[in-house]
Amino acid sequence: IMGKIKVLFIILARKGSKGVTNKNFRKINGKPLFQYILEAALEAKIKINSNFDIEIVVSSNDKNIIDHANSIQANLAPFKRPIRYSRDDSLSIDAMKHALEYMEKDKKIKYDQISLLQPTSPLCEPEDILNCIYSLNSQKEFVSAVTICESSIHPFKMKRLLNNNVLVNYIDQGFEDMRPRQSLPRVYKRNGAVYLSKRSVIVDEASILGDPCLGVEVPKIRSIDIDNEADFKLAEILIKEKHQI
């Protein structure tokens with residue numbers, strides 16, 4: 001009998017942020033922001049079918065986040081992230097590799113797949129996480145899966161500013177595209193919530209996503225990616241509405 005597929009969920013929730021000060025611990029509707037994705041991860045772990053084994057780790061350099069995570073469930077944040085992986089210019093992949101190495105050493109196992117779950121996506125549902133896992137594992141040719149949503153800004157409508165504020169089309173089609181959005185080919189963007197890859201992508205390629213990558217569509221209403229104050233306000237409204245339903 002084949003063993004279970006071992007998946008590690010890594011939640012990167014450092015202190016410090018350029019867009020919104022200490023956003024990962026900032027309260028949104030009474031809960032620190034990072035707690036939303038953590039709760040989605042914990043629920044996905046309970047709901048996932050018996051072919052999988054999931055572990056969750058929160059990687060942070062913030063004592064408040066570490067203590068809060070461990071109060072939700074023991075050992076969710078078993079270490080303090082080293083300074084070199086916690087700076088503004090530190091790469092997520094390096095923090096992920098650090099967390100992976102720590103967990104593999106601590107648990108004495110090798111994970112098959114690693115998922116980055118981002119606190120900036122508080123409306124992510126457990127189903128979104130599970131869809132990524134099930135999709136990747138049912139289509140063997142893929143090495144990664146990522147949550148996507150339809151983009152409201154079409155690349156044919158995007159512009160660049162040259163010197164002297166000259167406006168040019170980002171993609172030059174040879175004409176100014178005034179067609180309604182409905183008649184343009186659909187375009188998508190990563191929604192920022194769930195990134196899932198086989199171990200070799202993270203370890204050997206030092207990349208969060210590999211090729212070929214599977215896109216798992218998520219409705220736009222759940223795809224808010226918090227980057228600034230306006231996003232925070234919108235997320236708060238959507239979360240409040242969600243809890244009234």
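Trainee: Let's start with Gln113. Is that residue buried or exposed?

Mentor: Gln113 is buried: its relative accessible area is 4%, and the cut-off for buried is under 20%. Keep in mind that this is a predicted model.

Trainee: Okay, and what does its side chain make a polar contact with?

Mentor: With the side chain of Asn137, at 2.7 Å. Asn137 is also among the residues in contact with Gln113 once neighbours within four places in sequence are left aside, and that list includes Ile5, Leu8, Leu136 and Leu196 too.

Trainee: Which strand is Gln113 found in?

Mentor: Gln113 belongs to β5. In that strand 5 of the 5 residues are buried, so β5 is largely enclosed by the rest of the structure.

Trainee: Which way do β5 and its partners run, parallel or antiparallel?

Mentor: There is one of each. β5 pairs with β1 in the parallel sense over 5 bridges, where Leu8 has Ile114 as its bridge partner. With β9, β5 runs antiparallel, again joined by 5 bridges, and Leu116 stands opposite Tyr195 there.

Trainee: Zooming out, what is the strand order of the sheet?

Mentor: The order is β4-β1-β5-β9-β6-β10, in an open sheet of 6 strands with mixed pairing. β4 and β10 stand at the edges with a single partner strand each, so one side of each is left without a neighbour in the sheet. On average, neighbouring strands are turned by 25° against each other, direction ignored.

Trainee: What joins β10 to β6?

Mentor: 5 bridges, and the two strands run parallel. Val146, for instance, stands opposite Gly215 in β10.

Trainee: And which helix packs on the sheet, touching β1, β4 and β5?

Mentor: That's α1, residues 33-47, and its direction makes about 165° with that of β4.

Trainee: New topic: how many residues does the largest nonpolar core have?

Mentor: It has 35 residues, and Phe9, Ile11, Leu38, Ile56, Ile129 and Ile133 have the most contacts inside it. Helix α1 gives the most to this core, with 7 residues.

Trainee: What does Ile129 touch?

Mentor: Not counting residues up to four places away in sequence, Ile129 touches Phe9, Ala40, Ala41, Ala44, Leu117, Cys124 and Val194.

How values were computed
Residues numbered from 1 in each chain as written. Predicted model: local features only at pLDDT ≥ 70, side-chain atom pairs only at ≥ 80, totals over all residues. Heavy atoms only, no water. Pairing = 2+ DSSP bridges. Helix = DSSP H or I, 4+ residues; strand = E, 2+ residues; numbered from the N terminus. Axes fitted to C-alpha atoms, helices over the stretch in contact; angles between N-to-C directions. Contact = heavy atoms within 4.5 Å. Core = buried A, V, L, I, M, F, W, Y, C linked by side-chain atoms within 4.5 Å. Buried < 20%, exposed > 50% of the residue type's maximum accessible area, 1.4 Å probe, protein only. Polar contact = N/O pair within 3.5 Å; in protein donor to acceptor, adjacent residues only side chain to side chain.
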